[in-house]
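Take a look at the model below.

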Amino acid sequence: MLTTTLLLLALSSTPAAPGAPATKAAAPAEEKVEFDKHYLVLLKRAPNAPKMEPEALQKLQGEHLAHLNRMGESGKMVLAGPFDEQDDVGMRGACIFRTATKQEARQLAEQDPMVKAGRMQVEVLAWYTEKGYLAFPKAPPAEAPKPPRK
């Protein structure tokens, strides 16, 4: 909520150009705000999640964590973690993907063994943050976009 409020304030404010006189007649300088785009993947408990024996569930949890580690090592996912103290206990966790498209983020998230087993489902949202505000020091660098072929 704080980030959204700050973003809206930043977008609505137009500071005067450096050195411009502070008068009503002075036109404010247009400052271009640049954004980074990520995909926020919400992991939610599936409404009809199949019941599992504790040993099978523990094995599946290990596969889920291994999948998240592979996604992190690939550089496609830069952050992941479970929720706690949430009002909706069906919300289990979130991941931030750095992919070219929403479809790619969804495809990678749906490869999660928990999703394949029907225990979780994903919701994918495009998420914009002001350029330079988020850094992921443990994530491998993003792949540079390839120029189009002529």
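Buried means under 20% relative accessible area, exposed over 50%, and partly exposed in between, with a 1.4 Å probe and protein chains only. Why does threonine 99 count as buried? Its relative accessibility is 11%, so threonine 99 falls in the buried class.

This is a predicted model: local features need pLDDT of at least 70, side-chain atom pairs count only at pLDDT 80 or more, and totals for chains, interfaces and linings use all residues. Residues are numbered from 1 along each chain as its sequence is written, and side-chain values use heavy atoms, leaving out hydrogens and water.

Where is threonine 99? Find the loop between strand 3 and helix 3. Helices (H or I, at least four residues) and strands (E, at least two) are DSSP runs, numbered from the N terminus. Leaving aside neighbours within four places in sequence, threonine 99 is in contact (heavy atoms within 4.5 Å) with Tyr39, Lys76, Glu104, Ala105 and Leu108.

Now move to helix 3, residues 102-109. Ala105, Leu108 and Ala109 are buried there. Seen down the helix axis, the buried residues of helix 3 fall within an arc of 100° (taken from the directions from the axis to the C-beta atoms), so they line one face. Gln103 and Gln107, on the other side, are exposed. The cover over the buried residues includes strand 1 (35-45), helix 2 (54-74) and strand 4 (120-130).

Step back. The protein has four helices and four strands. Along the sequence, they follow the pattern α-β-α-β-β-α-α-β. Of the 150 residues, 25% are buried.
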